[in-house]
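Subject: Structure for your review

Dear colleague,

I would be grateful if you could read the notes that come after it alongside the model.

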Amino acid sequence: SDFPTSTVTVTPDSPVFTGETVILKCVIKSDHSDWRYVWYKDIVMLQTSDYRYTVNRDTLTIRGATESDQGQYWCRGQRDGRPNSSTSSSAVSLSVKDLNPKPELTSDPAGAALTGNTVTLTCRMDPSTGNWDFYWYKHTLNPETEKKKTNYSLKIDSVSDGGQYWCRAGRGKPVYYTQYSDALWVNVTVSPKAVLTVRPDERVFRGETVTLRCDIKWGGDTEWTYRWEIEGTNNQYKNTVSRTSTQELNISSVDLSHRGKYSCTGQIHTQSSQRSDAVTLTVSAEAQASVRVSPQPWLTEGESVTLTCEVSGSSKGWTFSWFRDHDHLSDSSRGAGGSYTLSPAALQHTGVYTCRAERGRPAYYTHNSSSQTLWITGVSASVSLVINPSRSQHFSSDSLSLSCEDQSNSAGWTVRRYTDKDTQTCAKQTGSGCVMDSLSTSDTGVYWCESESGERRRPRNITVHDGEMILESSVDPVIEGETLTLHCLHRSTNSPILSADFYKDPESDDRRDEHHYCLKVT
C-alpha cells in the first residue's frame, strides 16, 4: 500500500532570532500511533546527543537557536508493522538572525496630549518576523510588565499620566524578549475649557438674529474645529447643530424651535477641550417696550423728570428711540441707556411720550411702548382746559365739550388731542372750544390747549367706555393731601349708584375691564 505522507510545522515562523526556542513538529497522516520519528537537517540525520536538541515523539525542540541551526529540516516516520515507513516530508527552511530586534514606539496624537482624552501608543515589529505579544512599561509602574496588544490606549485623566513609556515584544515558551524600544515622552497639558457666549442675549425674541460663539483660550497656534450640542429641541434642528464645525453658530431668524441648552467643545485632531458650560437660549414670542416716569408726570417748568424705557424680560444690547406725539425726538443724547431726562423741563415738553428699542444687525425692533403723558405747567398758568361733564371717564354715545379759557384772552388757543392713531385738532372746533356730539372708544386719548406758537397747556386724560358703568373721578390731577371723592355712574341714569364696591389696581380681577373699578351691589 501507499506510504503515509508526513509534513513539518515550525513555531515561531521563520525567521527566528538567536536565543529563541524553536519547535518543529512532524505530522504523519495515518491511523497508526506507534510511529518512531527520525529528524534530518539538510542531508544529515540529527543526533539528539546535542543538549540543545530534544526529541519527544513527534516534536523536535531547539533551545537557544544560533546561526548554526539554520538549514532545511525534514522528517520521516518508521514502525515495525505495515506500513513500516512514511514518506519523507518536504523540507522546511529555518532562518536564524544573529540579532536582538527592537520595536518602534509611536503615539497618536504625536503632539501634546490634553487631559480628558485618550492617547494611543503603538508598539511596532517588522510584520515579516511573525506574531508577538507586547509588554508595556512606564517610569512609575511596578517592575511587573503589562501584556497587551500592539496598541495601548492611554486614558489621560491628569498631568501625572504623562511621562516616559517603553515597550518590548515577546513570544514563545519560555518567553523570548526583544530589546526595549526607545523611550517615548507623553507630554500632558491641562485641557482648556471652552467658553460659550451668545449675542445679543440668552433671552431673545422670535425673528431676532442670534450668534453663538465658542472661544478657547489656548497659547498654541493650532487650528481648532468645534463641535456643537443642544438639548431640548426638535431633532431636525439638533441634527443641523451637530453637523456644524465652525466657531460661530448663526441663527438668522430665531423661533421657538431653537430653544434649548447649547454647549460646545473644541477639537484638535482626535482630542477635545473641556466642554463649555451650558447656555440656555430662551425664545419669547414678542418684544414689548414699556415706559416708567420718575418722580411723577405732573411738574412745573424748571423741574426735572426722567422717562425710562425697558424691554420686558431682556436688558442686554438695546438702543432706544423716543417719540413725542408720534414725532421722533432727535436729541437722542438724552436717551442714553434707555433713560430720557428733561432738565429743566419747559412748557413745550408737554406731550405724550412713547419709546421703542432695537438691537442687532439687521436691526430687530420691539413694539412701541404704551403712552406716557407729561404735564408741564407754567409757574403762573393762565390757560385752563374746561371739560363738560367734568370727569375723566365718559360713556360712548354721550356728548362732550372742551374749551380753552385764558384769564386774559382765550383767542389763539385750540383744543388738540392724541389718540392711538395720531395727533390732531379737535374735529368740531368752534373758536377755542370743541364739541363732540357722540363719543366712541376711539376718542380715548389725551387732550390739551395749544397756542398758535405751539405752547401746550393743561393736558388731560379722557377715556370712553362701552360698558354700563364708569368711575366718576376728577379730570384734574389730584394734589397730595387733598380730599378725593369717587362715584360709580350707571349709563341708564347717569347718576351715582348708592351701593357699589370700589377696587384699587385689581390686577387679578377680571371685572375691572368691564366695570372700570366699580361693581354695583344688587
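The following notes set out what was found, beginning with the basis of the values.

This is a predicted model, in which local features need pLDDT of at least 70 and side-chain atom pairs count only at pLDDT 80 or more, while totals for chains, interfaces and linings use all residues. Residues are numbered from 1 along each chain as its sequence is written, and side-chain values use heavy atoms, with hydrogens and water left out.

Sheets and strands

Strands are DSSP runs of E of at least two residues, numbered from the N terminus, and two of them pair if DSSP finds at least two bridges between them. Strand 21 is joined to strand 23 (residues 210-215) by five bridges, and Val195 has Asp215 in strand 23 as its bridge partner.

A second open sheet has five strands in the order 39-46-45-41-42, with mixed pairing. Strand 39 (393-395) and strand 42 (423-425) each have a single partner strand, so one side of each is left without a neighbour in the sheet. The twist here averages 30 degrees from one strand to the next. Three bridges connect strand 41 (residues 413-418) with strand 42, and the two run antiparallel; Arg417 has Gln424 in strand 42 as its bridge partner.

Strand 16 (residues 151-155) has a covered face made of Tyr152 and Leu154, and an uncovered face made of Asn151, Ser153 and Lys155. It is joined to strand 13 (residues 118-124) by five bridges, in an antiparallel arrangement. Opposite Tyr152 of strand 16 stands Leu121.

Salt bridges

A salt bridge is counted where a side-chain nitrogen of Lys or Arg is within 4 Å of a carboxyl oxygen of Asp or Glu. A search of the whole structure finds 18 of them. In one, the side chains of Glu20 and Arg171 meet at 2.8 Å, N to O. Glu20 is in the loop between strand 2 (16-17) and strand 3 (22-28) and Arg171 is in strand 17, so the pair ties together parts that are 151 residues apart in sequence. Glu20 is buried, with a relative accessible area of 1%, and Arg171 is buried as well, at 7%; buried means under 20% relative accessible area, exposed over 50%, and partly exposed in between (1.4 Å probe, protein chains only).

Arg79 and Asp34 form another salt bridge, at 2.9 Å, N to O. Arg79 lies in the loop between strand 8 and strand 9 and Asp34 in the loop between strand 3 and strand 4 (36-41), so this pair ties together parts that are 45 residues apart in sequence. Arg79 counts as buried at 9% relative accessibility, whereas Asp34, at 43%, counts as partly exposed.

In the five-stranded sheet, Arg416 forms a salt bridge with Glu450, the closest N and O atoms being 3.6 Å apart. Arg416 belongs to strand 41 and Glu450 to strand 45, so the pair ties together parts that are 34 residues apart in sequence. Salt bridges that share partners also join Arg199, Arg213, Asp215 and Glu248 into one network.

Backbone and loops

Two cis peptide bonds deserve mention. One runs from Arg82 to Pro83, with omega near -5 degrees, and Pro83 is in the loop between strand 8 (71-78) and strand 9 (92-94). The other joins Lys173 and Pro174, with omega about -5 degrees; Pro174 lies in the loop between strand 17 (163-171) and strand 18 (176-177).

Positive phi values occur at Arg57, near 55 degrees, and at His326, about 75 degrees. Arg57 is in the loop between strand 6 (53-56) and strand 7 (59-62), and His326 is in the loop between strand 32 (319-324) and strand 33 (327-328).

Yours sincerely,

A colleague

Definitions and conventions. Helices (H or I, at least four residues) and strands (E, at least two) are DSSP runs, numbered from the N terminus. Axes are lines fitted to C-alpha atoms, for helices over the stretch in contact, and angles run from 0 to 180 degrees between N-to-C directions.
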